[in-house]
Amino acid sequence: MERYQNVTPLYMLSFTLTAFVELMDHGIVSWDTFSVAFIKKIASYVNKFASDISILQRSLAILESMVLNSHDLYQKVAQEITIGQLIPHLQGTDQEIQTYTIAVINALFLKAPDDKRQEMANILAQKQLRSIILTHVIRAQRAINNEMAHQLYVLQVLTFNLLEDRMMTKMDPQDQAQRDIIFELRRIAFDAESEPNNSSGSMEKRKSMYTRDYKKLGFINHVNPAMDFTQTPPGMLALDNMLYFAKHHQDAYIRVRLPLVMEIFVIACLQ
């Protein structure tokens with residue numbers, strides 16, 4: 001017994017969690033047998049022992065397996081662990097912890113009901129997950145291992161899948177709100193300071209000017225550019241991307257107002 005006298009409680013906890021992971025990997029015990037109290041305890045380790053790499057790593061691994069192996073456990077884990085609690089683990093320097101953290105996020109994303117996935121994606125955007133991964137993972141002063149590369153790929157696929165409905169949605173040429181987006185694209189690109197008067201003669205000039213401008217912006221249908229977005233894919237996703245680019249990167253958008261603009265966004269959506 002003397003050899004165990006100097007063993008710390010944290011070491012024993014780490015050893016116990018390791019044994020638990022090994023046991024569950026053999027499929028001897030069903031994940032559905034675990035109580036809410038047990039889930040709460042494991043979830044608490046993610047925050048309580050954030051500085052202990054071994055305990056944190058094993059706790060994250062257990063949470064990931066719970067989510068992936070049981071629908072009921074997914075719901076319970078989702079109630080105990082928030083994205084805000086996971087984000088700090090991505091800002092550390094241990095790539096293994098970062099990998100397991102992204103794996104938990106992917107598991108929660110994958111098992112979430114369809115109506116909750118977009119909500120989760122919005123939370124990830126609010127928490128600036130992309131920027132955090134770029135800064136602390138991709139641009140970190142170390143090579144990305146294979147498992148991290150895989151988890152990043154899975155996260156990218158899960159995120160892109162949310163765009164599929166928009167990509168397969170055709171534009172309604174009769175929808176004025178959607179047509180106004182195209183007008184806004186032209187306005188931002190050319191910033192016409194004066195509009196022709198509403199007389200019959202000036203109306204023809206306006207149509208001619210709009211046709212010219214839509215051609216410069218790269219639309220295929222210069223007269224009715226709304227028809228360009230009736231093809232799926234890319235559908236309305238191309239228009240969404242163009243509007244975002246025009247509003248958030250206006251200077252760059254204006255600099256590339258040439259007949260390749262539309263094609264650039266269509267190709268980007270099809271990649």
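1. Patches are made of residues with over 30% relative accessible area and no salt bridge, with like charges joined within 9 Å and nonpolar side chains (Val, Leu, Ile, Met, Phe, Trp, Tyr) joined within 5 Å. A salt bridge here is a side-chain nitrogen of Lys or Arg within 4 Å of a carboxyl oxygen of Asp or Glu. Areas come from the Shrake-Rupley method with a 1.4 Å probe, and for residues only the protein chains shown count as cover. With that in hand, look at Tyr11, Met12 and Phe15, which make a nonpolar patch of about 350 Å². Phenylalanine 15 sits in helix α1 (residues 9–25) and is exposed, at 53% relative accessible area.

2. A word on what you're looking at: this is a predicted model, where local features need pLDDT of at least 70 and side-chain atom pairs count only at pLDDT 80 or more, while totals for chains, interfaces and linings use all residues. Residues are numbered from 1 along each chain as its sequence is written, and side-chain values use heavy atoms, with hydrogens and water left out.

3. Now the overall picture. The chain has 15 helices and zero strands; these are DSSP runs numbered from the N terminus (helices H or I, at least four residues; strands E, at least two). Of its 271 residues, 37% are buried, where buried means under 20% relative accessible area, exposed over 50%, and partly exposed in between (1.4 Å probe, protein chains only). The chain exposes about 16,200 Å², and carbon and sulfur atoms supply 53% of that. Among contacts (heavy atoms within 4.5 Å) between residues at least 6 apart in sequence, 69% join residues at least 24 apart.

4. On to the inside. A nonpolar core is a set of buried Ala, Val, Leu, Ile, Met, Phe, Trp, Tyr and Cys residues joined through side-chain atoms within 4.5 Å. The largest one has 46 residues, and Met66 and Ile105 touch the most other members. Beyond residues up to four places away in sequence, isoleucine 105 touches Ile83, Leu86, Leu90, Met120, Leu124, Leu129 and Leu155. A second, separate core has 21 residues, including Ile188 and Met236.

5. You'll find threonine 99 in helix α6 (residues 95–111), buried at 6% relative accessible area. Setting aside neighbours within four places in sequence, its contacts are Asn145, Glu147, Met148 and Gln151.

6. Next, the rings. Rings of Phe, Tyr and Trp (its six-membered ring) pair if their centres lie within 6.5 Å; planes under 30 degrees apart are stacked, over 60 edge-to-face, and the rest tilted. The whole structure has ten aromatic pairs. In one of them, phenylalanine 20 and tryptophan 31 have centres 6.0 Å apart and planes at 80°, so the pair is edge-to-face. Phenylalanine 20 is in helix α1 and tryptophan 31 in the loop between α1 and α2 (36–48), eleven residues apart. Phenylalanine 20 is buried at 14% relative accessibility, and tryptophan 31 is buried at 11%.

7. The peptide bond from threonine 232 to proline 233 is cis, with omega near -15°, and another cis bond joins proline 233 and proline 234, with omega about 15°. Proline 233 lies in the loop between α12 (200–216) and α13 (236–248). Elsewhere, glutamine 128 has a positive phi of about 55° although it is not a glycine. Glutamine 128 is in the loop between α7 (114–126) and α8 (129–138), exposed at 53% relative accessible area.
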